[in-house]
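Here is a short briefing to read alongside the model. Take a look at the fold first, and then we can walk through it topic by topic.

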Amino acid sequence: MKAAQKKNQLNQSSARFESLKRELASLATQTGFLLTGSVQSRFFECSRPSNCWCHDDPANRHGPYRYWTRKEKGKTVSVSLDDEQFALVQQWIENGRALERLLKQMRHESIRAIALTTRKKATETSTARRR
(Lines give C-alpha, C1' and ligand atoms only; values in the text may rest on other atoms or scores of the structure.)
Protein backbone atom coordinates (compact mmCIF):
# COMPACT_ATOMS: atom_id res chain seq x y z
CA MET A 1 0.00 0.00 0.00
CA LYS A 2 1.37 3.43 -0.89
CA ALA A 3 2.38 5.80 1.89
CA ALA A 4 -0.04 8.48 0.68
CA GLN A 5 -2.91 6.01 0.70
CA LYS A 6 -2.05 4.89 4.25
CA LYS A 7 -1.85 8.48 5.42
CA ASN A 8 -5.24 9.14 3.81
CA GLN A 9 -6.74 6.12 5.61
CA LEU A 10 -5.24 7.25 8.92
CA ASN A 11 -6.66 10.75 8.39
CA GLN A 12 -10.09 9.27 7.61
CA SER A 13 -9.91 7.11 10.71
CA SER A 14 -8.86 10.11 12.76
CA ALA A 15 -11.75 12.14 11.37
CA ARG A 16 -14.22 9.36 12.21
CA PHE A 17 -12.78 9.16 15.72
CA GLU A 18 -13.09 12.93 16.18
CA SER A 19 -16.69 12.72 15.01
CA LEU A 20 -17.33 9.95 17.54
CA LYS A 21 -15.73 12.08 20.27
CA ARG A 22 -18.08 14.94 19.45
CA GLU A 23 -21.01 12.52 19.52
CA LEU A 24 -19.82 11.21 22.91
CA ALA A 25 -19.59 14.75 24.31
CA SER A 26 -23.08 15.51 23.02
CA LEU A 27 -24.47 12.25 24.39
CA ALA A 28 -22.84 12.86 27.77
CA THR A 29 -24.54 16.24 28.14
CA GLN A 30 -27.95 14.90 27.06
CA THR A 31 -27.90 11.59 28.91
CA GLY A 32 -29.08 11.20 32.45
CA PHE A 33 -28.55 8.16 34.60
CA LEU A 34 -27.12 4.95 33.12
CA LEU A 35 -27.98 1.37 34.03
CA THR A 36 -27.15 -2.09 32.75
CA GLY A 37 -29.43 -5.07 32.57
CA SER A 38 -32.92 -5.52 31.19
CA VAL A 39 -36.51 -4.91 32.16
CA GLN A 40 -39.42 -7.23 31.63
CA SER A 41 -43.13 -7.55 32.32
CA ARG A 42 -44.40 -10.94 33.36
CA PHE A 43 -47.78 -12.52 34.01
CA PHE A 44 -48.21 -15.41 36.48
CA GLU A 45 -50.64 -18.07 37.56
CA CYS A 46 -51.38 -17.90 41.25
CA SER A 47 -50.90 -20.76 43.70
CA ARG A 48 -54.62 -21.42 44.20
CA PRO A 49 -55.15 -24.77 42.48
CA SER A 50 -58.64 -24.43 41.04
CA ASN A 51 -60.53 -21.38 42.27
CA CYS A 52 -58.91 -18.77 40.07
CA TRP A 53 -59.58 -17.78 36.49
CA CYS A 54 -55.83 -17.45 35.82
CA HIS A 55 -55.56 -21.25 35.48
CA ASP A 56 -58.22 -21.40 32.76
CA ASP A 57 -56.58 -19.23 30.15
CA PRO A 58 -53.01 -17.87 29.82
CA ALA A 59 -54.47 -14.52 28.75
CA ASN A 60 -56.08 -14.21 32.20
CA ARG A 61 -52.92 -14.53 34.28
CA HIS A 62 -52.15 -12.08 37.08
CA GLY A 63 -49.95 -9.12 36.30
CA PRO A 64 -48.17 -7.42 34.77
CA TYR A 65 -45.33 -7.70 37.26
CA ARG A 66 -42.38 -5.62 36.21
CA TYR A 67 -38.73 -6.49 36.91
CA TRP A 68 -35.28 -5.08 36.38
CA THR A 69 -32.65 -7.82 36.09
CA ARG A 70 -28.89 -7.34 36.06
CA LYS A 71 -25.64 -9.10 36.94
CA GLU A 72 -23.86 -8.05 40.10
CA LYS A 73 -20.59 -9.77 41.07
CA GLY A 74 -21.47 -12.68 38.80
CA LYS A 75 -24.92 -13.18 40.32
CA THR A 76 -28.27 -12.38 38.75
CA VAL A 77 -30.18 -9.75 40.72
CA SER A 78 -33.84 -8.97 40.04
CA VAL A 79 -35.78 -6.05 41.47
CA SER A 80 -39.56 -5.56 41.38
CA LEU A 81 -40.63 -2.23 39.90
CA ASP A 82 -43.81 -0.21 39.86
CA ASP A 83 -44.99 1.39 36.60
CA GLU A 84 -43.16 4.70 37.18
CA GLN A 85 -39.90 2.97 38.12
CA PHE A 86 -40.26 0.66 35.13
CA ALA A 87 -40.38 3.63 32.72
CA LEU A 88 -37.37 5.30 34.37
CA VAL A 89 -35.25 2.15 34.51
CA GLN A 90 -36.12 1.33 30.90
CA GLN A 91 -34.90 4.79 29.79
CA TRP A 92 -31.73 4.56 31.90
CA ILE A 93 -30.91 1.14 30.44
CA GLU A 94 -31.32 2.57 26.93
CA ASN A 95 -29.00 5.45 27.92
CA GLY A 96 -26.39 2.92 29.05
CA ARG A 97 -26.74 0.90 25.86
CA ALA A 98 -26.39 4.01 23.67
CA LEU A 99 -23.20 4.93 25.50
CA GLU A 100 -21.84 1.39 25.15
CA ARG A 101 -22.58 1.40 21.40
CA LEU A 102 -20.68 4.65 20.98
CA LEU A 103 -17.73 3.45 23.08
CA LYS A 104 -17.61 0.25 21.02
CA GLN A 105 -17.39 2.30 17.83
CA MET A 106 -14.60 4.41 19.37
CA ARG A 107 -12.67 1.25 20.35
CA HIS A 108 -13.09 -0.08 16.81
CA GLU A 109 -11.73 3.15 15.28
CA SER A 110 -8.84 3.12 17.75
CA ILE A 111 -7.93 -0.43 16.71
CA ARG A 112 -8.09 0.55 13.04
CA ALA A 113 -5.88 3.58 13.68
CA ILE A 114 -3.26 1.63 15.61
CA ALA A 115 -3.25 -1.05 12.92
CA LEU A 116 -2.59 1.60 10.29
CA THR A 117 0.20 3.23 12.30
CA THR A 118 1.89 -0.06 13.18
CA ARG A 119 1.78 -1.14 9.51
CA LYS A 120 3.27 2.22 8.60
CA LYS A 121 6.10 1.78 11.12
CA ALA A 122 6.69 -1.80 10.02
CA THR A 123 6.94 -0.64 6.40
CA GLU A 124 9.32 2.16 7.38
CA THR A 125 11.47 -0.27 9.35
CA SER A 126 11.64 -2.78 6.50
CA THR A 127 12.48 0.02 4.04
CA ALA A 128 15.22 1.27 6.35
CA ARG A 129 16.69 -2.25 6.57
CA ARG A 130 16.87 -2.50 2.79
CA ARG A 131 19.05 0.62 2.54
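Two strands are taken to pair if DSSP finds at least two bridges between them. With that in hand, an open sheet of three strands can be read here in the order β1-β2-β3, with antiparallel pairing. Please keep in mind that this is a predicted model.

**Overall architecture**

- The protein chain has two helices and three strands, and along the sequence these follow the pattern α-β-β-β-α.
- Of the 131 residues in the protein chain, 17% count as buried.
- The accessible surface of the protein chain comes to about 10,000 Å², and carbon and sulfur atoms contribute 53% of that surface.
- Among the contacts in the protein chain with a separation of 6 or more, 57% are between residues 24 or more positions apart.

**The sheet**

- As background, strands of a sheet pair through backbone hydrogen bonds, in either a parallel or an antiparallel way.
- In the open sheet with the order β1-β2-β3, β1 and β3 (75-81) stand at the edges with a single partner strand each, so one side of each is left without a neighbour in the sheet.
- Neighbouring strands of this sheet are turned by 35 degrees against each other on average, direction ignored.
- β2 and β3 run antiparallel and are joined by seven bridges.
- Trp68 has Val79 in β3 as its bridge partner.

**Aromatic pairs**

- For rings with centres within 6.5 Å, the count comes to two aromatic pairs.
- Phe33 and Trp92 form a tilted pair, because their ring centres are 4.7 Å apart and their planes stand at 50 degrees, which lies between the limits of 30 degrees for stacked and 60 for edge-to-face.
- This pair links distant parts of the chain, with Phe33 in the loop between α1 (3-30) and β1 (38-44) and Trp92 in helix α2 (residues 83-130), 59 residues apart.
- Phe33 counts as exposed, at 57% relative accessibility, whereas Trp92 is partly exposed, with a relative accessible area of 24%.
- Phe44 and Tyr65 form a tilted aromatic pair, at 5.7 Å centre to centre and with 45 degrees between the planes.
- Distant parts of the chain are linked here too: Phe44 belongs to strand β1 and Tyr65 to strand β2 (residues 62-72), 21 residues apart.
- Phe44 is partly exposed, with a relative accessible area of 28%, and Tyr65 also counts as partly exposed, at 38% relative accessibility.

**Arginines over rings**

- Arg66 lies over the face of Phe86, at 4.6 Å from the ring centre.

**A closer look at Leu20**

- Leaving aside neighbours within four places in sequence, Leu20 is in contact with Leu102, Gln105, Met106 and Glu109.
- Leu20 and Gln105 are 85 residues apart in sequence, yet their C-alpha atoms are 7.7 Å apart in space.

Methods:
Residues numbered from 1 in each chain as written. Predicted model: local features only at pLDDT ≥ 70, side-chain atom pairs only at ≥ 80, totals over all residues. Heavy atoms only, no water. Phe/Tyr/Trp six-rings, centres within 6.5 Å; stacked < 30°, edge-to-face > 60°. Helix = DSSP H or I, 4+ residues; strand = E, 2+ residues; numbered from the N terminus. Buried < 20%, exposed > 50% of the residue type's maximum accessible area, 1.4 Å probe, protein only. Lys NZ or Arg CZ within 6 Å of the ring centre and 35° of its normal. Axes fitted to C-alpha atoms, helices over the stretch in contact; angles between N-to-C directions. Contact = heavy atoms within 4.5 Å. Areas by Shrake-Rupley, 256 points an atom, 1.4 Å probe, with all protein chains shown as cover.
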